[in-house]
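User: I have a chain open on my screen and would like a quick tour. Can you walk me through it?

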Amino acid sequence: MLENLEHMRENFKELEKKLADPEVLSDTERFKKVSREYNQLKPIVEKYNQIRSAEDMINENTELLKEADDKEMIDLLKSEIDENKKNLEKYNEDLKVLLIPTDPNDHKDVIVEIRAGAGGEEAGLFAGNLYRMYHMYADKQKYKTEDIDVSSQGIGGMKEATFIVRGEGAYSKLKYESGVHRVQRVPETESGGRIHTSTATVAVLPEADEVDIKIDPNDIRTDVYRSSGNGGQSVNTTDSAVRLTHIPTGLVVTCQDEKSQIKNKDKAMRVLRARLYEIEEQKRQKEISDNRKSQVGTGDRSERIRTYNYPQGRITDHRINKTIYQLDDFLDGNIEEMIESLITEDQTRKLKTMGED
């Protein structure tokens, strides 16, 4: 471990030099890559430096204590040794968390797919609630959102919606939202006041780069058609909507948000690439370990992860048994408390797994 940390510190110094190198500064992609590596190592190296400093202070004061004969000096040295030992214990715990293997996708933008599930029109309304919630959360986090395909259903509801969330670390936060979300409430159309249960499914995919997934153009069938729904003057007048079919897998992606056929095709390709990347990632996870079992249910679309109970004004996440009694606030995009709790639980489980290994 010590050897690895020393290697990280040396690597960090090299990255620091590269960030000041004019050649790196002039190459945008290389600069982004070096910056990302630098930022990943920075907290680890800083914590390691704190550990080394505390250890040095303990050793130095211990040696001085051997020669001290003044009571006041002895008390001062002992006090400093005790304080540094406490700090050292905390620093080591902090370092363990920082050394938890990170998800290589955490820095990526994400593609979010929301689909109405069981519950008919009420499920569509709930899907619309989730769509609004994630857009408001993204706005609070200073992320940018970009709709790809939104299929409206009834009044204020939607059958499905696909959109991009852009921002550093977007996937590291939103990946915990994948799964089945359940709502319990009295529908506006229900005259008897009975509580209905409906569901919506959320999938959060890291946006894949072309280097992550290579798609053979011959494997793609492209269909164009006229847009429907909101979209401006070009709706129903031009064949701007695009449907891509990936022949080997049967995956189908549509996009009609833009007035330009070219832009719609580009967006659809990004979604297709993300879905294919997800398939490859699932295969990789199964091959290398039972890693998913140590995570907080991330990535499993069939798992019921959360219940939104309107009569009691609460949200319960079933993976960590956490309940928040601020439903309206939560649906206004204030979901950070739940996400932070999920991250903490995920880290705790991974730490336990590391200790067992």
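This is a predicted model: local features need pLDDT of at least 70, side-chain atom pairs count only at pLDDT 80 or more; totals for chains, interfaces and linings use all residues.

User: Okay. How many helices and strands does the chain have?

Analyst: The chain has nine helices and 11 strands. Its length is 357 residues, and 41% of them count as buried.

User: What about the surface: how much of the accessible area belongs to carbon and sulfur atoms?

Analyst: Carbon and sulfur account for 47% of it. The total accessible surface is about 20200 Å².

User: And contacts: what share join residues at least 24 apart?

Analyst: That share is 61%, counted among contacts between residues at least 6 apart in sequence.

User: On to the inside. Which residues touch the most other members of the largest nonpolar core?

Analyst: Ile114, Leu130, Tyr134, Val165 and Tyr308 do, in a core of 36 residues. Elements giving two or more residues to this core include β1 (110-116), β3 (157-166) and α9 (336-356). Helix α5 gives the largest share, eight residues.

User: Take Leu130. What is it in contact with, leaving aside neighbours within four places in sequence?

Analyst: Leu130 is in contact with Ile114, His181, Ala200, Val202 and Tyr308.

User: Where else do nonpolar residues gather in a core?

Analyst: There is a second, separate core of 20 residues. Leu251, Cys255, Leu272 and Leu276 are among its members.

User: Switching to sheets. What is the strand order in the open sheet of three strands?

Analyst: The order is β6-β7-β8, and the pairing is antiparallel. Strands β6 (220-225) and β8 (251-255) are at the edges with a single partner strand each, so one side of each has no neighbour in the sheet. From one strand to the next, the twist averages 15°.

User: How many bridges join β7 to β8?

Analyst: Five, with β7 covering residues 241-246.

User: Last topic, Asn264. Which helix is it in, and is it buried or exposed?

Analyst: Asn264 sits in helix α7, residues 261-288. Asn264 is buried, because its relative accessible area is 0%, and the cut-off for buried is under 20%.

User: Which other residues is Asn264 in contact with, beyond its neighbours within four places in sequence?

Analyst: Besides Ser240, the list has Ala241, Val242, Cys255, Gln256, Asp257 and Glu258.

Methods: Residues are numbered from 1 along each chain as its sequence is written. Side-chain values use heavy atoms; hydrogens and water are left out. Two strands pair if DSSP finds at least two bridges between them. Helices (H or I, at least four residues) and strands (E, at least two) are DSSP runs, numbered from the N terminus. Axes are lines fitted to C-alpha atoms, for helices over the stretch in contact, and angles run from 0 to 180 degrees between N-to-C directions. A nonpolar core is a set of buried Ala, Val, Leu, Ile, Met, Phe, Trp, Tyr and Cys residues joined through side-chain atoms within 4.5 Å. Buried means under 20% relative accessible area, exposed over 50%, partly exposed in between (1.4 Å probe, protein chains only). Contact means heavy atoms within 4.5 Å. Accessible areas come from the Shrake-Rupley method with a 1.4 Å probe; for residues, only the protein chains shown count as cover.
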